[in-house]
Amino acid sequence: MFHQANSVQTSDSEEEECDDKNKDGQPLKIPRIVGMGLNLLFELVRETQKQYPELCVKALRALLDLLQGQLPEGMKGEPADILEGMFQLLMELTTGQGLENIPLELSNTLTSLACAGLISLVIAWGDTGKYLTAIGAMLMNTNSLCGQTIPVSSILTSLQKSIHAVLHGRTQLPDWLSQGVKVKALADSFKLDSVSRQKVSVQSHCALASDGCYLYVLNKQGLSKVGSGFGGTIKGHVYTCKDNFDSGKGWLAYAGEYLFFHPCNENKGTLYIVNQDSLEIEGTTQLQDISPGSSVLFSDGQNIGQIASTKDDSFVVRTYDPYHSPMTLVSEVPLKLARKCMDVFGLSGFDPDIHRHSINTGFDEDAVTISAGREFALIRTISGKVLYCGKSQALGIKQGGPAAGKWAELPITKSPKIVQVVTGHDSQHALLVSDDGSVFFVGTPRRGEDGDSSIVKVRRQPKAMKPKKLIRLESKNVVYVACNNGSSAMVTKEGEVFMFGKDTTHCDHASGHVTDLKDVIISQISLGKAHAVTLTNKGLVYTFGINNKGQCGRDYSPGATKEGSSNVTMAEEEDEGEPEEIVCPQGKHRWRHDQCMVCTVCGECTGYGVNCISSGRFDRSPGLPCGCGSGDSGCAECGVCKSCAGESELTDQLNERGGKTGLKTNLDLDKKKVGRPGVKPLEQIGKRMEQKIEKVQKAKNKSLKQNKFRGNYYCLFTYIHSP
């Protein structure tokens, strides 16, 4: 039955062992000297039971450990004469032959170990005749040793499980921990009316323990020792009773060979040992390394256990050896019984469910943080993995993405442990920080937010990319990151702040370092739509960026100076304020000459205007490099060109052509001659206005065509559904 229940393919080593044991179906042959030595050893053990019973007990205990580690029928191919000698030795010790002059306690221990060893031997041997002989010797024994306790060997448990597997027809057996205890499993029950002389309510305290033969019941009347009906006891009979045992409240358990009691109002590190015959307290013992705070004690019959809570909403299970005083720690197992859940509210492009619902990632790891962008969402798990949901193409994954509403692991080179994941509001990229201080960029870099601001990158159509390490910060140890739609910010271990993307007016063009914060140590940073808030190690807050709604914590006043509101370059879709609100006052501009930029007002090159070779391209963004080369970079504060700032010889010509009104600026124009060589300012502004008018006219014509098409479609739809 055992082989039928465990009909699993054996490994190569097991097959080789079986081949060595019995190739032709014959028992193995061993050298005669080995057989002589074993028979001599059996005779020595037989003789030690009379003169040295303690030595015989140790030998039997060692033999039992070896036998119960075998499998059922695992010794079937061993030499029969050796097994026969061992069988006869254990039969004599089991029946108690020659133990008349030995103390009763030693005699009971010796015969119980011999009986357990005999059971283990016949199971490992697999001989039916030896089964019946051993069982008959144990059942028909009439001396005083018949009622003693026999240890249950591991090989007997294995045989029981194999029989249960054959009866169920499957090798995986149900256990009570997952399946529970069935009602039909109740074999017997009886009332203890003699123990409780008063009416017991549901709130009454009661503790119960058992050593396999007796029940120990603790209640208001005291501690009672009651027979269970097993081991020669009378079911329900009270053998001993200790009235008013410590007010009848406490914890009671049996472990090893001892009965332990712990009062409810004392430290759980101290246990009392109760005599099982007189029910008197005969000693105390201590538990080593017990956790302070709330905990629960338990017993599995062999060890004392403790379940204690930890700081991170988890538990730890410790087991202690009851045979030592103080009890030593045997094992320690952490448990995580609670799982953090995340609920989703609102509508997104990557989650079709608009109602409130919980996130099920399908991974057996707790989620620590979650962050969502425009087309994807990211979750960081407790082990440092990153899971994603949504449009996989937005993360540079072309094939093999998860279905709608499903989650998958984000592949990162060398699989580092991620400690922070951030995405900006409605952004198309994310930043990942690993435990070694590296920063990974994933998503679509449209405005240089990945740190790559080369001219080639500006002219290339942006595309989504897989997680890649930021090369410009490879020598830095980054501890905190933040991002918005178009910008990325990093804080290093030294307290420096680096920014890439559209909001980099206050940064060094070459390194991205925010130079105005070089004298303070920054610990955290957060980005809004067009402003930033930083926190220093001393608890001070620094803000910079657009302050048209007072988001920087300062009073907003139109046309404020740099001291009143620190401005950053905004993208074209930043509609928080009008262009005149972000232009520096006349005479307050800080002009610089480096690379040509895109003007934040007119959208043309700050150096060459409409005559620039890159003029007319639609992939240029205000405030970013134009891509044509070196020249006037415009104002370092507001990003406007000199023509839009009015610091050129345009006053009279603009009044004649209406350019002052067309540009919608309230700036007073200087009459200084600061025009660029070879370029006439009047011609430049005129061409720019003509282009603006043409763009507006084309947009109107396109809108009229679309409206006409939509009207025809609506009529067709109405006609089809009209009766």
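**Close-up 1. Surroundings of Phe42 in the predicted model.** Phe42 touches Ile82, Gly85, Met86 and Leu89, residues up to four places away in sequence not being counted; contact means heavy atoms within 4.5 Å. The model is predicted: local features need pLDDT of at least 70 and side-chain atom pairs count only at pLDDT 80 or more, whereas totals for chains, interfaces and linings use all residues. Residues are numbered from 1 along each chain as its sequence is written, and side-chain values use heavy atoms, with hydrogens and water left out. Phe42 lies in helix 3 (residues 32-51); helices (H or I, at least four residues) and strands (E, at least two) are DSSP runs numbered from the N terminus. Between Phe42 and Gly85, the C-alpha to C-alpha distance is 7.2 Å, with a sequence separation of 43 residues. With a relative accessible area of 8%, Phe42 is buried (buried means under 20% relative accessible area, exposed over 50%, and partly exposed in between, with a 1.4 Å probe and protein chains only).

**Close-up 2. Packing of helix 3 and helix 5.** The axes of helix 3 and helix 5 are 10 Å apart, at an angle of about 5°; axes are lines fitted to C-alpha atoms, for helices over the stretch in contact, and angles run from 0 to 180 degrees between N-to-C directions. The two helices are therefore roughly parallel to each other (angles under 35 degrees count as roughly parallel, over 145 as roughly antiparallel, 65 to 115 as roughly perpendicular and the rest as oblique). Helix 3 contributes Gly35, Leu38, Asn39, Phe42, Val45, Arg46 and Gln49 to the contact, and helix 5 contributes Ile82, Gly85, Met86, Gln88, Leu89, Glu92 and Leu93. Seven nonpolar, five polar and two charged residues make up this contact of helix 3 with helix 5; Ala, Val, Leu, Ile, Met, Phe, Trp, Tyr, Cys and Pro count as nonpolar, Asp, Glu, Lys and Arg as charged, and the others, Gly among them, as polar.

**Close-up 3. Packing of helix 6 and helix 7.** Helix 6 (residues 104-125) and helix 7 (residues 128-139) have axes that come within 9 Å and cross at roughly 165°. Helix 6 and helix 7 are therefore roughly antiparallel to each other. Their crossing is left-handed, a term for a near helix turned anticlockwise from the far one by less than a right angle, clockwise being right-handed. From helix 6, Cys115, Leu118, Ile119, Val122, Ile123 and Trp125 meet Lys130, Tyr131, Ala134 and Met138 of helix 7. The residues of this contact comprise nine nonpolar, no polar and one charged.

**Close-up 4. Cys115 and Cys483.** Cys115 is buried at 4% relative accessibility, and Cys483 is buried at 7%. A search of the whole structure finds zero disulfides, a disulfide being a pair of cysteine sulfur atoms within 2.5 Å.

Close-up 5. Glu73, in the loop between helix 4 (53-67) and helix 5 (80-95), is a residue other than glycine with a positive phi, near 65°. At 30% relative accessibility, Glu73 is partly exposed. Leu279 also is not a glycine, and its phi is positive at about 60°; Leu279 belongs to the loop between strand 7 (270-274) and strand 8 (281-286). At 0% relative accessibility, Leu279 is buried. The loop between strand 11 (315-320) and strand 12 (329-335) holds Pro326, which is joined to Ser325 by a cis peptide bond with omega of about 0°.
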